[in-house]
Each structure stands twice: as C-alpha cells, then as structure tokens.
Amino acid sequence: MDMNFILAGVGGQGTILASKLLAQAAMAKGLRVRTAETIGMAQRGGCVVSHVRIGENVHSPMVPKHSAGLIIGFEPAEAVRCLPFLKKGGVVVVCSKAIRPVTSSLGDSSYEAAAMISFLETNSGKLIVIDGDKICSDCGSPKVLNVALLGAAFASGDLGLSIDEIGAAIRERVSAAYIEMNQKALAAGARAAEAQASGNGRNFL
Amino acid sequence: MLYGQSESIFVLREGIVMQKFLMGNEAIAWGAIHAGVNLVCGYPGTPSTEILETVAKNNDGSIYVEWSVNEKAALEVAAGASYAGARTLVTMKQVGLNVASDPLMSLAYVGINGGMVVVTADDPGPISSQTEQDTRHFAQFAKIPVFDPSSPEEAYAMMADAFALSEKYGIPVFLRPTTRICHGCASMEIADRKTPHKIEGFEKDPKWTIFPGLSYQNHKQIEARTPVIGSEFSSYPFNHISCGDHPEKVTKGIAAGGVSYEYTRETLGRSDASGTRVKVMKIATPHPFPEKLALEFLDGLTEVMVIEELDPVIERELLILCGKFHLTVTIRGKLTGDVQNAGENSVESVQTVLHKYLGLPAPDRDEELPKLPVRPPVLCAGCPHRASFYAVKQAMKGRKAVFSGDIGCYTLGNAKPLDMVDTCLCMGAGITIAQGLGHVEPDVKHFAFIGDSTFFASGITGVVNAVYNQADITIIILDNSTTAMTGHQPHPGTGKTMMGNISDKISIPAILEAIGVKDVPAINPMNLAIATEAVEKAAAAKGVSAIIFKYPCIAVTKPLPAFKINRDDCTGCKICISELGCPAISMNDMKAYIDPSLCYGCSICAQVCPCKAIKGGR
C-alpha cells in the first residue's frame, strides 16, 4: 500500500528535517521512499511544503492532489493551503499557532488561526490540533516543533510507522546533544494527540 | 560503450551495491565520483549547487574540486584538465550556461580527451531563475549530446554513461536535470566503490588550437557524428517504448521526457486510467534524437501527445520525422496549444491534458480555500542588506535616483517597504545598466548594488568599463562575506577553497583602487547615521564612486541578544514596520512586538524608532 504525506510550514520551522526523519524510518523498514520540497526563494519566512511518498508504485516526486492520507501542518494557514492534497477522509495534524507574514504586519493580509482550524475541521476526516508552543517550552527549545508534530502524527494512527521507528531515525540523523530533547518532544507530541482523541485537549482553542 | 556494456556500468548493475537515500544532486555527484571523476568545477546556482558540494564533502583527496569565479572560468579549467586526459565535471544552472557558452561552443569543435560532463540544471517554473530557457535546445545549438534524467536514480546511472559517451566521441556531453530531479530525494542502490580513471597526460598536438581551417574540418565531423550518436541512442535502455496488450490496435501515443515522463506514468497508473490503450515513448536523450526508436514508436499511430517541460523539443523532432518520412501522424503538444507553453508541469497538469486526450473523465476540481496569507520571500531579520538599502534610501530622500540591482539575496530589496531595486537583469548587469541609464539621464543619480560573490563573478569588468568610459555612478558593494542565496559557498574574498585550503583573501577595495575608483570606504551598515552620511558623500562625488557595506550574513554569524519593545514607550506608530519590513516585528495589541526567536539583534529598528521604545542588545 502506497502512502503519501504532506508536511507544510514556514521556512525555518524544521519541515525538511521532519520529512527526512520519515524517509529514514521508512527506509529502515525496507520501504521505497521519494521526497520533494517546494520552497520559495527565501530561506526564511516563505512557504515550505515537503512531499513524502512511500511505496513501490510511486513515480512523481510530488504527491498528486487528493492523494495524501495525512497532512502535517506546522502552521494553520499552511495546512489549509495544502488541503487540495488531502484525500477524502484524510487526517490533518496541525500546530495551533499562527505565524503572520511580514505582509500581514504591513496590513496587506491578516487572518485568524481559529478560522483556519475550523476550516480544517470541516474539510478533513480527522483533525488533531496540538499546542506546539507548550510542548516546545516544556522541552526547552522552539526547534523541536517538527518532532512533536511527528509524535502527534504517529498517535493519529495514520503514519504507518511506529514511535520506535521514528525514534531510531532521530538517533540516526540528529546530532547527539539534541537526541534526548527530541525524544522527549516526540513522546509529548504523541501524548498531546492522544489526550485530544480522548477529549481533553481542545480547551486551549 | 553505453549503458550495459562498459565495465564501470557492469560494476553498478552486478557488483556490490549500497542502499542510500539521496537527493538528485547528491546522486549526480556520486555518479561522477564512482565514474572516477578527477576534477570538478562549477559556480553555485539553484538548483545545481549541491552537486559540487557533495563531491567536495565526499572527496577522498584524489579529486580536485573548486568553486570557480564564474561558469566560463569553470568550463575552461575543466577543458584544460580534459585535454590532459582527466575525467571532468562542470556544474551550473541554466543561466550559467549562457556565461559558459563562449568556451563551450568552441569546445564542441575542438573536443576533449578525458570525458567531460557539463551538468546544467534547468528550472521550469521558473522557481528561482531569470529565464525558462531549455538546455536541450542549447545542446542542439552547440551540437552536443544531452542526457535528460527522469529521476534521481536515472541521473546517477547516466553519469557513467555520459562519461563513456564523451570519451568514445571525444566531445563534451550534457546532463540536464530539472529542479524536481535535482532537489527530489529517492531511496536507491548505488555502487560502493569507484572505478578509478587514469590520467594519460597532455600531449601537444595542433588539434588543441582552434583556427578557421580546422573549424571547417571539425564542423564536417560534427555533422557526420550526430546521426551516428542518434542511432546509438535508439538502443539506449533509458530510451524506450512501452505498450500494453494488442499493440497493433493502439493508435494513440504519448511521448515524454524528464520528470514529465514520471507524471505521465503516475497518471496512467491511477485507477481512473486503468484499461487505457496507449503507446508511451520515453526520450532520455533528446539530442541527437533517437530517430530509429521514434520511427518504431510512430508506426501504426494516428496521433501523439508530447508531454515535456520548457520548449517543445521532442515535439519538433517528431514533427521533423513526420515531414521527412511523409507520416500522417498528428503531433500534439505545446505547438498545438494542448500543453501549457510556460511554467512547470505537475501530475495534475499532465493528468488534465492526458485525460482529455484519452477521453477519460476530467480530474476532480479543487475545493475553494479561504483567503490565505501571502508569504513572499523577504530579507531575513537581521540581514545587513536591509540596513544598506535603508541608508541609501535615506541619503537619497527627495532626490531623483535610480537603483540598479543584481542577482543574489539582495534582489529581495525590491519588496516593499524598502522598494530599492529598480532594475535586475543578470549576473553583474547592475553596474553596467546604471552606466547606460546615466549616459542618457545625466541629471538623475544612478546607483548599482552588487554582492561580493557577484562582484567577483562578473562585476569587475563592469567597473573597468565605467572608469574607462567615465561613467557617473555610485556602486554599492554589499559584502556579507559569503554567497548567501545559494547556501553559503566560499568565494575569492573569503579565502576558503573547496579543497579545504586557505588562500589569500582577494580584497575588493584593492581591486577597485587598482581600477581607479578612489577613496572607497568600508562601512558597517548597521550604524545607519554613519552609513547614510557615507552614501551622501559618495553620491556627491563625480565619476565612479563606491562604498563597501561590510557586515556578515546572519547565517554565518551568531545572533546578538534580541531587542525588545518597551510597551509603555511604544506609541504604535508602526514606523519600525513600515520603514524596514523586518519579519521579526509585528503588531500585537496595538503595539509593535519583536519575536525573540527571529530577532538577530541588528539594532536598526531601535535606530529608526522615533519614540526610543526599542531597547536591547548588551
């Protein structure tokens, strides 16, 4: 069974490393993987979309529209932007915090995270919202959002990879000093998603 | 000598292999390393940059690797090494090939000894380029064979084939990946060792000196060999035809190349296309065109849809064949308006074309999305270019001035609120465009902005031209001590080389002085008052004046302590936002707010705040 994932965020959020961790974990299981990124001209502040494709019958480097079983949104509006990739009934895992572009500070475009999240809720099979800021501050670094989201994606049950397999990929690809912090974030992300599934996690919205 | 026959390929296919997850550019680099490449040159340019970097990172010391000052220099260095029998790789992006075209056109006539592969990465879209030019056309123009991989795996395997072909015919060979091949990653099998290539050494021979008489003789040989290579390509395994059951009943065909072939496969492999009867030809070597294979493909067909990106290269070749052999096959594609003639293909665009062509239901339409924020690329928080642009803008307030920009991160100075790039054409053009503007508009002040790496690549000749021809311009050198846009490659001003050596840093002020530009100050742009004063002084000078704004890129330095807004002092006037457009500053509850995770402590917002509400640093 082929699997397609989309990771959508803003430059600097660690989207690409997260896609590499998924690829690493899938390869370690002997699966074929393709990934591709669409990145704007800027390293920071632009949209970044990572496409991860796992399976034998995968040709295009990018996920075709209506084909992703799971979208991991690092930012609510970026998750919405990628919704055309989601297949019917697909799952969205999203971090609740909006990142306003500089154009919005200049008054050109503003938006509300809550409106984005409610749009995601109506247009996905299942939505998991996590408070990435809280997990990051608990873990001691804003850089672990990507791994926390992978933890939540695992807990959604639609990743096709176990938490140990992701953990092993972290040990392989992350420098030694940050492994423990990332493992903590992975577990925290999974717990946050599980808490929400059992109905305890939506209060912060 | 092609794929499947040469010894090195045999090692790849039958020998010990490793599983690797590689980016296309890394795969190309490994393909070159395993083919025994001896020398690698290039100039950074998206999407090609990681190829050379990967070779340098995995160099066992036996390969000479350099970032050359520009693509012309890179190609010439490689040509010299190839004359001596070395296997050489030259890397660049498509517009870099324009810079290298002078030596390349002649090299196609002179030829080489050791195999030479010129990897030129095309950028359909374009995603980060000035043009959507097609290197397959360049290959036809220069009469040089071109390999066009459809996947990272194929790009890896093609490198050995390209070297073998180059040596068999004594000519340089192109490998033309596109952005999706360069930057796509795939799990793949690669060899675990290289096949060393022995360098024979340079032998003096009149053939290495191009002269009109020799060129005439060589031109005849080029025309003679082109169809021979085309016929060899007809049996190249990466060129192929596929057809389902009862091929004799199939009347519709699809011809595709590059990543568009994979989009075609993806489309035909989906359940909504199952049972479709269509013959598919993949073209991996668009020039010389594999005529024999294409004739076999056209046999029995009434109609062909050509799926390719950029120019209609395969489409035109098929049209030529139909004319040449009086075939009544309708060739459709870009020239008939069936396929978009600009921009990048995608699975969806290909699916839309093919479903219509094959009489399948139109693909699902996208749902309407709510209004989404636009995220245009902006200069980073703390970027020294913001301060430099702002200082020039302040100094020229109320005066008529034109700001000619150049290629690099600082092209982003065009965005509001800075709005400081009035022209941008190609590498190094800012300095010369400013001169042209100045000759016809002498009453306007003309500025040219250029980065340090671009200055070395192609800015120096423009300065010589300006001084010699007595232009009246002010040149602003934005020296951030790196090649920032493409991911921080060293250049002659940094003194670091790709062989890990430290050479003497080449001084930009000394170059300017030698050319005759007097009193060039090196200014820290982060002090806006001093920077603005320096611009006023330089702008007042007659003739060619210059300033070097020197401050390192945030990506190569540690951030300083973040600045903070004192909410009691902030009046919410938004001047910090509307003057600078720094991505770290936004409005929060009617007051300005600095995101501490983005702030690099550059201090320029504190310098422009009229209320002195921004404090911080040390």
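1. Conventions. Residues are numbered from 1 along each chain as its sequence is written, chains are lettered from A and ligands numbered from 1 in the order in which they are written. Because the model is predicted, local features need pLDDT of at least 70 and side-chain atom pairs count only at pLDDT 80 or more, while totals for chains, interfaces and linings use all residues.

2. Chain A overall. Chain A has eight helices and six strands, where helices (H or I, at least four residues) and strands (E, at least two) are DSSP runs numbered from the N terminus. Their order from the N terminus is β-α-β-β-β-α-β-α-α-β-α-α-α-α. Of the 205 residues in chain A, 58% are buried. A residue is buried if 20 or more other C-beta atoms lie within 10 Å of its own, exposed if 12 or fewer, and partly exposed in between, with C-beta atoms placed from the backbone. Among contacts in chain A between residues at least 6 apart in sequence, 66% join residues at least 24 apart; two residues are in contact if their C-beta atoms, placed from the backbone, lie within 7 Å.

3. The A–B interface. Contacts between the chains involve 43 residues of chain A and 42 residues of chain B. On the chain A side, helix H1 (15-28), strand E2 (33-39), helix H2 (76-81), helix H3 (102-105) and helix H4 (113-122) each supply at least two residues. The largest share, five residues, comes from E2(A). By class, the chain A side divides into 22 nonpolar, 14 polar and seven charged residues. Here Ala, Val, Leu, Ile, Met, Phe, Trp, Tyr, Cys and Pro count as nonpolar, Asp, Glu, Lys and Arg as charged, and the others, Gly among them, as polar.

4. B:Gly184. This residue lies in the loop between helix H8 (179-182) and strand E8 (185-191) of chain B. B:Gly184 counts as buried because it has 28 C-beta neighbours inside 10 Å. Leaving aside neighbours within four places in sequence, B:Gly184 is in contact with A:Arg34, A:Ala36, A:Pro61, B:Gly24 and B:Pro152. The C-alpha atoms of B:Gly184 and B:Asn25 are separated by 8.4 Å, although the two are 159 residues apart along the chain.

5. Nonpolar core. The largest nonpolar core has 253 residues, a core being a set of buried Ala, Val, Leu, Ile, Met, Phe, Trp, Tyr and Cys residues joined through C-beta atoms within 7 Å. Helix H7 (residues 152-169) of chain B gives the largest share of this core, 11 residues. Among the residues with the most contacts inside the core are A:Ile71, A:Leu149, B:Val117 and B:Met159. Not counting residues up to four places away in sequence, B:Met159 touches B:Ile28, B:Gly31, B:Ala32, B:Ala35, B:Val117 and B:Leu175.

6. Domains of chain B. The assignment gives domain 1 (7-233), domain 2 (240-358), domain 3 (384-555) and domain 4 (563-616); the bounds come from an automatic or database domain assignment. The centres of domain 3 and domain 4 of chain B, taken over C-alpha atoms, are 28 Å apart. Their contact takes 10 residues from domain 3 and 10 residues from domain 4. Helix H14 (residues 384-395) of chain B gives the most to the domain 3 side, with three residues.

7. Strand E18 of chain B. Six of the six residues of E18(B) (residues 545-550) are buried, so the strand is largely enclosed by the rest of the structure. B:Ser545, B:Ile547 and B:Phe549 point one way, and B:Ala546, B:Ile548 and B:Lys550 the other way. Strand E16 (residues 474-479) of chain B runs parallel to E18(B) and is joined to it by six bridges; two strands pair if DSSP finds at least two bridges between them. Strand E17 (residues 522-523) of chain B also pairs with E18(B) in the parallel sense, over two bridges. B:Leu478 stands opposite B:Phe549, and B:Ile523 stands opposite B:Phe549 too.

8. Backbone points to check. The peptide bond from B:Gly125 to B:Pro126 is cis, with omega near -25°. The bond from B:Lys416 to B:Pro417 is cis, with omega near 5°. B:His326 has a positive phi near 55° and counts as exposed, with 6 C-beta neighbours inside 10 Å. B:His488 has a positive phi of about 70° and is partly exposed, with 17 other C-beta atoms within 10 Å.
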